[in-house]
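Here's a quick briefing to read with the structure open beside you. Take it topic by topic and find each residue as you go.

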Amino acid sequence: QDYYPGNSENTFELLSSGKESDNDPNFPHILNIPLSKTSNKTESAAMFRTSVEKILLPSLREFKPELVMISAGFDGHWEDTKGNNGFSHLVEEDYEWITEQLCKVAEETAGGRVVSVLEGGYHVERKAPAPTPARSTRRQSTALPKTSETKKENAVKPGALALSVAAHVKALAAAAQ
């Protein structure tokens, strides 16, 4: 059990206690950085970014990785209630921001070498709201939208996963230029 979150017997206890790290001497470069439940996007972003800036990035820079590997999980998105049970309210910009930060560290210490793999995210699509039943009158029937407009309105829209991945890839692409 050398991998987070199972890197020590007390990890789950630590996560629920709000401690920053278990400081296990056997695993000095594994950080457990729990985030408390938040109630809105602003609070989530502030807590997330502060933790990254004060804990993760300084530790990464001290470690000086020769390759930055990102296990990119997007289930902290505010719309992904299946993935985060309403505990987190991150938005696409938060994922883009952390990717930019990790790419900066990779540039400083690893010659820009980054590998990113998709870990999670479960909000796949936004379904269009069901159409409101119209009363059957001649006046309304002439005001019904055209077929192409109806299809566009009822089209499945990308969910939080797709939007977050797009923001992540945007930051990776920008760093590669």
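What follows is a short tour of a predicted model, from the overall layout down to single residues.

The protein chain has 177 residues, and 32% of them are buried. It contains 7 helices and 4 strands.

**Confidence**
- Averaged over the protein chain, the pLDDT is 79, and 71% of the residues get to 70 or more.
- Helix α4 has the highest confidence, with a mean of 97, while helix α1 (residues 11-17) has the lowest, with a mean of 49.
- Residues 1-8 have a pLDDT below 50, yet this stretch still makes 19 contacts in the model beyond its near neighbours in sequence.

**Overall layout**
- Take the contacts in the protein chain with a separation of 6 or more: 69% of them are between residues 24 or more positions apart.
- The protein chain's accessible surface is about 11900 Å², and carbon and sulfur atoms account for 54% of that.

**The largest nonpolar core**
- This core has 16 residues, and the ones touching the most other members are Phe 48, Val 52, Ile 98 and Leu 102.
- The top contributor is α4, with 6 residues.
- Zoom in on Ile 98: leaving aside residues up to four places away in sequence, it touches Phe 48, Val 52 and Leu 56.

**Ser 44: buried or exposed?**
- Ser 44 sits in helix α2.
- Its relative accessibility is 4%, so Ser 44 counts as buried.
- Who does Ser 44 touch, if you skip residues up to four places away in sequence? The list is Thr 38, Ser 88, His 89 and Leu 90.

**A nonpolar patch on the surface**
- Head to the outside and you'll find a nonpolar patch formed by Leu 67, Met 69, Val 115 and Val 117.
- Together these four residues have about 360 Å² of accessible area.
- One of them, Val 115, belongs to strand β2 (residues 114-120).
- Val 115 counts as partly exposed because its relative accessibility is 34%, and partly exposed covers the range between under 20% (buried) and over 50% (exposed).

Terms used:
Residues are numbered from 1 along each chain as its sequence is written. This is a predicted model: local features need pLDDT of at least 70, side-chain atom pairs count only at pLDDT 80 or more; totals for chains, interfaces and linings use all residues. Side-chain values use heavy atoms; hydrogens and water are left out. A nonpolar core is a set of buried Ala, Val, Leu, Ile, Met, Phe, Trp, Tyr and Cys residues joined through side-chain atoms within 4.5 Å. Buried means under 20% relative accessible area, exposed over 50%, partly exposed in between (1.4 Å probe, protein chains only). Helices (H or I, at least four residues) and strands (E, at least two) are DSSP runs, numbered from the N terminus. Contact means heavy atoms within 4.5 Å. pLDDT is the predictor's confidence in each residue, from 0 to 100. Patches are made of residues with over 30% relative accessible area and no salt bridge: like charges are joined within 9 Å, nonpolar side chains (Val, Leu, Ile, Met, Phe, Trp, Tyr) within 5 Å. Accessible areas come from the Shrake-Rupley method with a 1.4 Å probe; for residues, only the protein chains shown count as cover. A salt bridge is a side-chain nitrogen of Lys or Arg within 4 Å of a carboxyl oxygen of Asp or Glu.
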